[in-house]
Amino acid sequence: MTHILIRGGRLLEGPADILVRGDTIVEVAASDIPFPPDSKIVDARGKLLHPGLINAHMHGHGNLGKGMGDRWTLELLLTAAPWTNGNRSLEDKYLSTLIGAAEMLMKGCTACYDLMAEFPTPSVEGLEAVARAYRDAGMRAVIAPMVADLSFFEAIPGLLEALPAPLQKEVQRLRLAPSGTTLENMRKSLHGWKFDRDEIRPAVAPTIPLHCSDEFIVGCGNLAREYAAGLHTHLSESKVQAVVGLRKYGKSLAAHMDSLGVVGPGFTAAHGVWLDDEDMKRLAARGASVAHNPGSNMRLGSGIADMRRMLECGINVGLGTDGATSSDNLNMYEAMRAASLASKVRGPGWQRWVTTKEVLAAATAGSARALGFGDKLGRFAPGFKADIVFLDLDNVNWIPLNDAVNALVHTEDGSAVHSVMIGGRMVLENRRLLNVDLARLARDAERARERLERLNRDNKALYQRLEPVVGSFCPALAREPLHLNRYAT
Ligand SMILES: [Zn+2]
């Protein structure tokens, strides 16, 4: 196996060389590493090297819907799904994923947890198309189809009845496939997975507890266990969910999921804005992770999750951007800055604000653990994969360089990303993607966008008729008092 010696670079801690063998780091040393004779040398002088950022929560199908909406709550976004994600062909699914992979690579992100969606049920071919996009781009991913057996309108009690009769009839066609079909399709996909699980692995995502019958959640849990796959869900993301969950289950959503036996070390709760202290302690006791998405939580008006309290309770916290329809770009540098700022805006008790070091740890090692890659990604250490971002220290973001971690979290915005290595292979070199033809991608995406705009005209019109009803019914639910056992900040 050939060696790669990355020489003369600066790590966050100071100058060091990195020796890579195959796809793995074998040595990191502050002094010159004597290089094996077969080494290829990568000159990293003038570069800051950091472990590839890891996006713990995003939605690859959202990329073709980029920029479609503005003032969306989570519930309005869900209502818009047939418009933003309707009528997708297999090629669209590939394309949408590839757009996101290209963006993430160009912005220093080397692995992601993709909760992709297919309506009315996931398919083996659809999941393969998504996996192919990541493989072709050279990026790592955990791919979890978002599944449910209840539509949004069936999930929120009273909402269907609040619609005028003709609209009630129209939303009938948004019904999902029967739970047995969906579980069977996922089983087929998990069973016949063709991709190297070190690079692209499958997982299971019962999308939102309220959208899933208990039997369905248990079925998802069984699949995850059987195939040693992760389980990911949107947990107490919006106040509407927290209020309805309490009413429906007589306990919090986290307590409900736990009572179904699906919360464990492979469990990732996305958002967790409305978790209380008891929920957090429960997740921590089970070894679960939270994928914190501060940008999306602000963009959808969901609230500000308490990352400090999550860390204090002992939860593994990863960081995500969420999808392009809820937080627009997939820029993990921006997600880090948002995580830092969101913690600060909770109040003036500065001693409880998360530090830049904690934010960076969430975006690397924390996310790695949420993806199930805790022993392979997120650190520069022997035995870890060589997923390395090279930042140009000549970029204005780094003039001058005072504290590297502060600058990475607060100043860097992706514009200094010069090269990206994944598993010892360059995927971005001198700002150019090596595996993706961006000009062609733009042409293909524009063709798809045009076609989908036409095909989804009726779905857009349906959204416009639903918006006033959902947009008043759900915020009214969210105005109900919710007595959470919250740590006072
Ligand atoms: Zn999400």
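Between which two strands is the loop in which Asn430 is found? Asn430 is found in the loop between strand E19 (425–429) and strand E20 (432–433), where helices (H or I, at least four residues) and strands (E, at least two) are DSSP runs numbered from the N terminus.

## Basis of the model

This is a predicted model, in which local features need pLDDT of at least 70 and side-chain atom pairs count only at pLDDT 80 or more, while totals for chains, interfaces and linings use all residues. Residues are numbered from 1 along each chain as its sequence is written, and side-chain values use heavy atoms, with hydrogens and water left out.

## Positive phi angles

Most residues other than glycine have a negative phi, and most peptide bonds are trans. Asn430 is not a glycine, yet has a positive phi of about 50°; with a relative accessible area of 52%, Asn430 is exposed, a term that means over 50% relative accessible area, whereas buried means under 20% and partly exposed lies in between (1.4 Å probe, protein chains only).

Ala228, also not a glycine, has a positive phi of about 50°, and the residue lies in the loop between helix H9 (214–226) and strand E13 (231–235). Ala228 counts as exposed because its relative accessibility is 74%.

## Cis peptide bonds

Phe119 and Pro120 are joined by a cis peptide bond with omega at about 5°, and Pro120 lies in the loop that runs between strand E9 (109–116) and helix H4 (124–137).

The peptide bond from Ile399 to Pro400 is likewise cis, with omega near -5°. Pro400 has its place in the loop between strand E17 (388–392) and helix H18 (404–410).
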